[in-house]
Amino acid sequence: MSANFASGTVWTGDNLPVMRGMNDACIDLTPFNSNRDYAAPIGSEAAGAAFKDTWTLSDVDVHEHGELADRHPAAYSVIEAARQAHGKSMQSYLIMMAVRLLEMRRVLKADGSIYLHCDDAAGHWLRALMDAVFGVAAFRNEIVWKRIGNHNDAGRFGRTGDRLLFYGSDIERGGVRVPLSESNAAKYRRTDNRGRYQDTDLTGPKTTEGEAGQPWRGWNPTDIGRCWSVPKTGDYAAWIAENIIPDYLAEESILARLDMLDAADMIVFTANGTPRLKRYLHANPGQVPPDVWTDIPPVNSQAKERTGFPTQKPLALLERVILASTKPDDMILDPFCGCATALVAADRLSRRWVGIDLSALAVKLVDDRIAGDRGSMPWGGALALTAPPARTDLGDLPNYRTHRHRLYGEQEGVCAGCETHFPFRVMDVDHMLPRSRGGTDHPDNLQLLCSGCNRSKGGKTMAEWRATQ
Ligand SMILES: C[S@@+](CC[C@H](N)C(=O)[O-])C[C@H]1O[C@@H](n2cnc3c(N)ncnc32)[C@H](O)[C@@H]1O
C-alpha cells in the first residue's frame with residue numbers, strides 16, 4: 001500500500017491516533033524505544049526530573065484497556081499474566097504498548113521489520129507481548145547491546161546490557177558486516193606473496209559416483225567417505241574470479257576448477273597429499289555480528305551527537321538496525337522519536353522516514369540534528385504536523401447503515417450486547433471501536449445492537465461497556 005503521508009514528516013502528539021490514520025502496510029521498518037522508566041516527555045515541565053517508574057493504571061487511557069480485550073485476547077492474556085506476576089504498573093505499561101504494537105503491525109509491510117529497544121525490567125514481558133502480536137514465527141533475535149562498560153549493582157551482577165527485540169524479515173547480511181573477531185582472524189596463520197591465508201577443506205559430506213567423487217592428483221575423497229566441494233557460488237568464488245582466475249565461474253567441471261586453482265597457486269597439499277584451499281584474510285568481507293553487540297559504545301558526555309536526552313541511543317546502533325532491515329528509499333517510522341536518533345540515521349542512509357512524539361520539542365531536535373549532520377548539504381526542514389493523516393486505502397466505504405441487513409443475517413437477529421433476539425426495525429449498526437477513537441466504517445468494525453444496548457454503550461468499546469454493566 002502506498003503511504004498517505006510525506007517522508008520527512010514529524011507529528012507532535014500521541015502516536016496512537018497518528019498511526020491509526022496511516023494506510024495499511026506502508027512502513028518497512030519501525031525501530032523504536034519506549035523506555036518504561038521515563039517520567040516525562042522532553043519539553044514538559046517535568047523534563048529533567050529523575051527518571052522513575054511512574055506508570056499507574058490512571059496514566060493509561062482506560063479506553064485502551066477495554067479496546068485491547070475486544071481486539072486481541074492473546075495480547076490481553078499476556079498482560080493479565082503480567083498483572084498477576086508483576087503488578088499494576090507493568091500491566092498499565094503493557095496496555096499502553098499493546099494497542100500501539102497492534103497498530104504498528106497493521107502499518108508494517110508483510111516483509112517489514114520491527115526492533116523494540118528495552119531494558120531487562122520489562123523486556124521479558126514485551127517479548128511475550130510481541131509474540132502475541134507479531135507471531136512467534138516472526139521472531140528473529142533478542143539482541144543484547146552492551147550499553148555501558150561496567151555497572152555496580154548491589155547484590156547481583158552488574159547490569160550492562162539493553163535488549164533489542166527484533167521481529168520481521170531476514171536481514172541484509174551484506175550491510176552489517178563487521179571486521180572479523182580476533183579469534184577468527186587468528187585462524188589465518190600462514191602467509192604467501194598474496195598475504196595471510198588459512199587452508200580449508202575442499203570436500204563436503206556424502207559420497208557420489210559423479211565427478212565430485214573422482215580422484216584428482218592421486219587423492220580420492222570417496223576413500224574417506226566424502227566428495228569434492230570446490231567453491232562455485234558465494235563470496236569467495238566471486239572473489240577468486242574477480243582477483244585471480246577471470247574465467248573461474250564459467251567452468252562447470254569440478255576437476256577442471258581444481259586444476260585452475262592449483263595452477264593459480266591456490267591449493268596446498270598436506271603431508272599425506274590431501275589438497276586444501278587457500279582462503280585469504282583480505283578476501284574475507286567480515287562477519288555478520290552475533291546477537292551480542294559489544295562494539296557500539298554509548299553516547300559519551302563529550303560526543304558531538306549528544307543532545308542531553310537521558311535515553312539517547314548512539315547513531316551507530318540505529319545505523320546497524322537500518323542497514324540490516326531496509327534498502328535505500330524504504331520508509332522508516334519511529335513512533336517515539338524523542339531525540340531523533342533513528343531519523344538522523346535514516347536520513348544519513350538515504351531512507352525515507354517519519355516520526356511521532358508527544359513533545360513539540362522533538363520537531364526542533366529533528367531539524368537541528370539533521371541540519372547539523374548534513375553539514376553543507378541543505379536541509380529544508382521537517383514537515384511539522386499535529387493532525388493525524390486520513391487513510392486513503394479504505395476506498396469509498398458505503399455508509400455504515402447499509403450493512404444492517406447483512407449483519408442481521410450474520411447475527412441471526414440477535415443483539416451483540418444483550419444476546420436477545422429482536423425484530424429488524426429495533427436494531428442499530430454500532431461501531432465496535434467508536435469513530436471518535438479512530439474506528440472506521442469498515443465492515444470488520446461493525447455489529448448490530450438493539451437500540452437499548454446501543455444507547456447504553458454510547459462512545460465506549462464493548463469491553464469498557466461490559467465492565468460498566
Ligand atoms: C524513551 S524516549 C525515546 C527516545 C528515542 N527513541 C531514542 O531512543 O533516543 C521516549 C519518547 O517517547 C515520547 N512519547 C511518550 N509517549 C508517547 C506517545 N504516546 N506518543 C508519542 N510519543 C510518546 C516521549 O515524549 C519521549 O520523547
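Rings of Phe, Tyr and Trp (its six-membered ring) count as an aromatic pair if their centres lie within 6.5 Å; planes under 30 degrees apart are called stacked, over 60 edge-to-face, and the rest tilted. By this rule Tyr197, Tyr236, Trp239 and Tyr280 form one aromatic cluster.

The model is predicted, so local features need pLDDT of at least 70 and side-chain atom pairs count only at pLDDT 80 or more, while totals for chains, interfaces and linings use all residues. Residues are numbered from 1 along each chain as its sequence is written, and side-chain values use heavy atoms, with hydrogens and water left out.

Tryptophan 239 belongs to helix H7 (residues 234-243) and tyrosine 280 to strand S11 (residues 275-280), 41 residues apart. Helices (H or I, at least four residues) and strands (E, at least two) are DSSP runs, numbered from the N terminus. Both tryptophan 239 and tyrosine 280 are buried, meaning under 20% relative accessible area; exposed is over 50% and partly exposed lies in between (1.4 Å probe, protein chains only). A charge sits over a ring if NZ of Lys or CZ of Arg is within 6 Å of the ring centre and within 35 degrees of the ring normal. Arginine 320 lies in this way over tryptophan 293, at 4.8 Å.

The whole structure holds 13 aromatic pairs. One of them is stacked: tyrosine 115 and phenylalanine 166, 4.3 Å centre to centre with 5° between the planes. Because tyrosine 115 lies in strand S3 (residues 108-118) and phenylalanine 166 in strand S5 (residues 161-167), the pair ties together parts that are 51 residues apart in sequence. Tyrosine 115 and phenylalanine 166 are both buried.

Next comes strand S14 (residues 352-357), where 5 of the 6 residues are buried. Strand S1 (residues 9-12) runs parallel to S14 and is joined to it by 4 bridges; two strands pair if DSSP finds at least two bridges between them. Threonine 9 has valine 354 in S14 as its bridge partner. Strand S13 (residues 331-334) also pairs with S14 in the parallel sense, over 4 bridges, and aspartate 334 stands opposite glycine 355.
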